[in-house]
Amino acid sequence: MNVKSLKGRRAAVAAGLVLALGCGVSAQASATGPLAIGGKAEDAVPHRSGGSGDKGTVAACSQEVLGVSAVKEPADSEDARHLLLTVQNAGDKKCTLYRYPLVRLGDGRNTARVIEESDPHPGVPVTLAPGEEAYAALLVNGPMDEYEAKSITLSLQGRRPGSSVGKPIDVPMPVETLYANDYQRVTYWTTAPGFALDFIMSK
C-alpha cells in the first residue's frame, strides 16, 4: 500500500468522523466534548497501565463514545467494493474493542463474515485511549448476485462471545449506494489500517 496516499486518506477520515450518539443524533466528533463510557460492568476487563503498575478496569467501547466513518479504498476507485471502517475514541477514558465489528449492509439477511486470519493478536482485544483510532476492512461483494444497500450498520461485540455492547451504529455512507452480496467479509479490529486492508484488496 502507498504510505503517502494512506496518510492522506487518514487525514480525510479524521476530518469526516462523526459521533454516533445513543439517542441516534450525529455530530462532528471534533466538536463534541467528553462523554461517559457506556459499557456495562460485565463488559469491563482488567487493564494494567503502562508504567505505574496500577490496576483498573477498561469498559467496552460503545456507540456513546465512538466516532465512526467509512471510506473507499483506494479513494479514487470507481466502485466501492473495498471499504475502510474507522472508529475513534471520542470519550475521556480508555475503552476496549472486542474481536470484529458486526456489519450489516442495507437490508441484508446476514452480517459480514469475518476473515479469521486477520486477527493480529488472537484473543487480545484492542484498547483505545482517548483520541486513538482502530480500523476494520470490509469487502462489500464478490462474484454473485448483488443487492442495493443504502445503509451500513455496525454493532460492537462484548467481552463474552455472542454478547453485544450498546446500540447499533449507523455509519455514514461513503457513496450513495453500495452493491452488496453474501460474499461480503470483514476483518478483526486493528490499529494498523494497512494491515486490515491487506486481507481484502486482492479479493
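The questions and answers that follow concern a predicted model.

Q: How many helices and how many strands does the protein chain have?
A: In this predicted model, the protein chain has 203 residues, of which 46% count as buried. Among its contacts with a separation of 6 or more, 78% are accounted for by residues 24 or more positions apart. As for secondary structure, the count for the protein chain comes to 2 helices and 15 strands.

Q: Which parts of the chain does the disulfide of C61 and C95 tie together, and how many residues apart in sequence are they?
A: The sulfur atoms of C61 and C95 are 2.1 Å apart, and the two residues form a disulfide, the count of disulfides being 1. Since C61 lies in the loop between β4 (55–60) and β5 (66–72), whereas C95 lies in strand β7, the pair ties together parts whose separation in sequence is 34 residues.

Q: In which sense do strands β12 and β13 pair?
A: Strand β12 covers residues 152–157 and strand β13 covers residues 164–171, and the two form a hairpin with 6 residues between them. In the turn of this hairpin, G162 has a positive phi of about 90°, while I152 has V171 in β13 as its bridge partner. Over 5 bridges, the sense of the pairing between β12 and β13 is antiparallel.

Q: Which residues does S151 touch, leaving aside those up to four places away in sequence?
A: S151 is found in the loop between β11 (147–149) and β12, and because its relative accessibility is 29%, S151 counts as partly exposed. The C-alpha atom of S151 is separated by 9.8 Å from that of P174, a residue 23 residues apart from S151 along the chain. Once residues up to four places away in sequence are left out, the residues that S151 touches are R104, L105, G106 and M173.

Q: Why does R99 count as partly exposed, and what is its phi near?
A: R99 counts as partly exposed because its relative accessibility is 23%. Its phi is positive, in a residue other than glycine, and lies near 55°.

Q: Where does P74 lie, and what is the omega of the peptide bond from E73 to P74 near?
A: P74 lies in the loop between β5 and β6 (82–89). The peptide bond that leads from E73 to P74 is cis, and its omega is near -10°.

Key. Residues numbered from 1 in each chain as written. Predicted model: local features only at pLDDT ≥ 70, side-chain atom pairs only at ≥ 80, totals over all residues. Heavy atoms only, no water. Pairing = 2+ DSSP bridges. Helix = DSSP H or I, 4+ residues; strand = E, 2+ residues; numbered from the N terminus. Disulfide = S-S within 2.5 Å. Buried < 20%, exposed > 50% of the residue type's maximum accessible area, 1.4 Å probe, protein only. Contact = heavy atoms within 4.5 Å.
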